Amino acid sequence: EKSREVFKRYSAQIRSFGSEVVEVVDQKTGITYKNNKVSFARFEFRSDYINVLFKEKPEFVDPKNLSKDVRSHKWGFERLVKIEPEASFDDILYLLKQAYETTL
């Protein structure tokens, strides 16, 4: 239930990034966000946390070093952040906004 509330908060903010943002919910383990038909973020749900995979732009900035490089997995996303109860909403949203900007 707590993870659901956290996700709803992120979802509302991501959809406010632009009118072209689409939420793809018909997937087994997660929800993907696209802009201009290009995926920029994916939320994967676990029992006590949420993983967020996202695109990285060339001038990517992660001042608090919250994300890790996952390019070697060839998932189509470059970075991963684990959202846990103590995670900072604004810091993670900042990273997601950068991911969204890769689709502009």
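Predicted model: local features only at pLDDT ≥ 70, side-chain atom pairs only at ≥ 80, totals over all residues.
Figure 1. One more pair to look for here is Val24, which stands opposite Thr32 in S2. The two strands, S1 and S2, run antiparallel and are paired over three bridges. Together they make a hairpin, and five residues sit between them.

**Figure 2. From S2 into S3.** Here the pairing is again antiparallel, with six bridges joining S2 to S3. Lys34 is a handy landmark, as it stands opposite Ser39 in S3. S2 and S3 form a hairpin with two residues between the strands, and in this hairpin Asn36 takes a positive phi near 55 degrees. As for S2 itself, five of its six residues are buried, so the strand is largely enclosed by the rest of the structure.

Figure 3. Follow the strands across and the order reads S1-S2-S3-S4-S6-S5, an open sheet of six strands with antiparallel pairing. S1 and S5 are the edge strands: each has a single partner, so one side of each is left without a neighbour in the sheet. As a reminder for reading any such view, strands of a sheet pair through backbone hydrogen bonds, either parallel or antiparallel.

**Figure 4. Helix H1 and its buried face.** H1 covers residues 2–15, and at 1.5 Å a residue its 14 residues should span 20 Å; the end C-alpha atoms are 20 Å apart, so the two agree. Which residues of H1 are buried? They are Phe7, Tyr10, Ser11 and Ile14. Seen down the axis of H1, these buried residues fall within an arc of 105 degrees, so they line one face of the helix. The spacing makes sense, because an α-helix has 3.6 residues a turn and residues three or four places apart point the same way.

**Figure 5. What sits over the buried residues of H1.** The cover draws on several parts of the chain, including strands S1 (22–24), S2 (30–35), S3 (38–45), S4 (50–54) and S6 (79–83). Helix H2 (89–101) is also part of what covers the buried residues of H1.

**Figure 6. The largest pocket.** About 220 Å³ of space lies in the largest pocket. Of the 15 residues that line it, the closest to its centre are Lys2, Val6, Ile83, Glu84 and Pro85. H1 gives the most to the lining of this pocket, with five residues.

**Figure 7. Asn65 in its loop.** Look for Asn65 in the loop between S4 and strand S5 (68–69). Its phi is near 50 degrees, a positive value in a residue other than glycine. Is Asn65 buried or exposed? At 61% relative accessibility, Asn65 counts as exposed, because the cut-off for exposed is over 50%.

**Figure 8. Lys74 in the loop between S5 and S6.** Lys74 lies in the loop between S5 and S6. Although Lys74 is not a glycine, it has a positive phi of about 55 degrees. The relative accessible area of Lys74 is 74%, so this residue is exposed.

Notes: Residues numbered from 1 in each chain as written. Heavy atoms only, no water. Helix = DSSP H or I, 4+ residues; strand = E, 2+ residues; numbered from the N terminus. Expected span 1.5 Å × (residues − 1). Buried < 20%, exposed > 50% of the residue type's maximum accessible area, 1.4 Å probe, protein only. Arc of directions from axis to C-beta. Contact = heavy atoms within 4.5 Å. Pairing = 2+ DSSP bridges. 1 Å grid on protein atoms, 1.4 Å probe; cavity = no way out; pocket = protein on both sides within 12 Å on 5 of 7 lines; lining within 4 Å. Points joined across faces, edges and corners; volume = space filled by probe spheres on them.
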